[in-house]
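These exercises go through one protein structure step by step. Try each task before reading its solution.

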Amino acid sequence: MPRKIIHLDLDAFFCAVEELRQPSLSGKAFAVGGSPEGRGVVASCSYPARMFGVHSAMPTAQALRLCPELIVVSGQHARYGEVSRQVMAILRDETPLVEPISIDEAFLDMSDVPEPVESMARRMQCRIQEELRLPCSLGVASNKLVAKIANDVGKSQVRTGQPPNAITLVPPGQEAAFLAPLPTQALWGVGPKMTQALARMGIHTIGQLAAQAPEVMQERFGKHGYDLVRRAQGRDDRPVITEHRIKSISKETTFAHDVADERQLRRVLQRLAEGVGRNLRRKHKNASTVRLKLRWSDFSTISRQRPFPLPTDQDDDIIAAALQLFAEAWPSGRPVRLIGVGVSGLQEGWRQLSLWDEEDGRERKLQETLDRLRQKYGKQAVRRGVDALWD
Ligand SMILES: [Mg+2]
């Protein structure tokens, strides 16, 4: 039996919340974002603003050039979080199988509900409109991948200056046909560099990608090349995950004797960071924040954390960030009793796939090979760039 998966996405969520607070904004070109003087960017923009070419992540100054009458309001993130919880509560009232994937998006698995999935989608849209006065769009398909893309496509086809309130349904069996005419970059796992690499192979549409031999693509792009072909064919059997049990991953080491040697500390840190990266990849997660923990000889402990520029599961990113935190936090020569690295803000790995490019493809291949070797021969078998064992 095909599954019934819904992807729900609120329409211009932050703006919709602002309109409830200030009804005079309704129907106007406005954006939630940082000030142009402070080099702020647009976090969300109203549909009338989009008619001027304004979009999120655009510098506010540029948005104002495109649309001089644009009203810029600063966001109130605590309020958005609160409204988001109200939305998720309505969804959980419909089914316990809800996977929130961002503040304004969620997947739902409605497979066990006998009602036709389209009427369920319509009812949820009505409830969120009536109970919270918020517009939303839904994509409906037999898997997460196609439901999400269906929603993206459905929303993008409405260009009226109004919230799309779209419901886009892909019937079971139609997945590949629905995806086929779309450009490759509509697919998860295809960012700008990958788009170029595929274009050089004459592959421009998802349909062309779906027709490739998975082995050939694997040869060229590693395991993700193989996965890409499967996705292009509309295949995706990932479940809707209702709770993300792992909240963080960390590794730490307590020294038998306090260590004050910088080289040794950096080397241990690198090894711990590699352990964290391996764990992340095994769990198919990307992390958004890195944390360093240091305990001194008197047992006092400090921890420092900072976000990654982009969520990642790559050793190099974790190592670089951890070493940077270490350089800032460690008073040179101070003996260390315990050192640890952790990551948090975990999200499903596929969401970051769009960021890898050809170079990362090679990097990933290396990473996968290293992981396999370590699995086979033990953790000590392969070290990158580490000359001697510290322990
Ligand atoms: Mg949205």
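**Exercise 1. Give the strand order of the open sheet and find its edges.**

Step 1. The open sheet has five strands in the order E5-E6-E1-E7-E8, and the pairing is mixed. Strands (E, at least two residues) and helices (H or I, at least four) are DSSP runs numbered from the N terminus, and two strands pair if DSSP finds at least two bridges between them. The model is predicted: local features need pLDDT of at least 70, side-chain atom pairs count only at pLDDT 80 or more, and totals for chains, interfaces and linings use all residues. Residues are numbered from 1 along each chain as its sequence is written.

Step 2. E5 (98–102) and E8 each have a single partner strand, so they stand at the edges, with one side left without a neighbour in the sheet.

Step 3. From one strand to the next, the twist averages 15°.

**Exercise 2. In which sense do E1 and E6 pair, and what packs on the sheet?**

Step 1. E1 and E6 (residues 105–109) pair in the antiparallel sense, over five bridges. Ile5 stands opposite Asp109 in E6.

Step 2. H6 packs on the sheet and touches E1, E6, E7 (136–141) and E8. Contact between two residues requires C-beta atoms, placed from the backbone, within 7 Å. The direction of H6 makes about 140° with that of E7.

**Exercise 3. Describe how the axes of H1 and H4 cross.**

Step 1. The axes of H1 (residues 13–21) and H4 (residues 77–94) come within 10 Å and cross at roughly 100°. Axes are lines fitted to C-alpha atoms, for helices over the stretch in contact, and angles run from 0 to 180 degrees between N-to-C directions.

Step 2. Phe13, Phe14 and Val17 in H1 meet Arg79, Tyr80 and Val83 in H4. The residues of this contact divide into five nonpolar, no polar and one charged.

**Exercise 4. Is Ala12 buried or exposed, and where does Ala12 lie?**

Step 1. Ala12 is found in the loop between E1 (5–10) and H1.

Step 2. Ala12 counts as buried because 24 C-beta neighbours lie inside 10 Å. The cut-offs are 20 or more other C-beta atoms within 10 Å for buried, 12 or fewer for exposed, and partly exposed in between, with C-beta atoms placed from the backbone.

Step 3. Most residues other than glycine have a negative phi. Phi of Ala12, a residue other than glycine, is positive, near 40°.

Definitions and conventions
Ala, Val, Leu, Ile, Met, Phe, Trp, Tyr, Cys and Pro count as nonpolar, Asp, Glu, Lys and Arg as charged, and the others, Gly among them, as polar.
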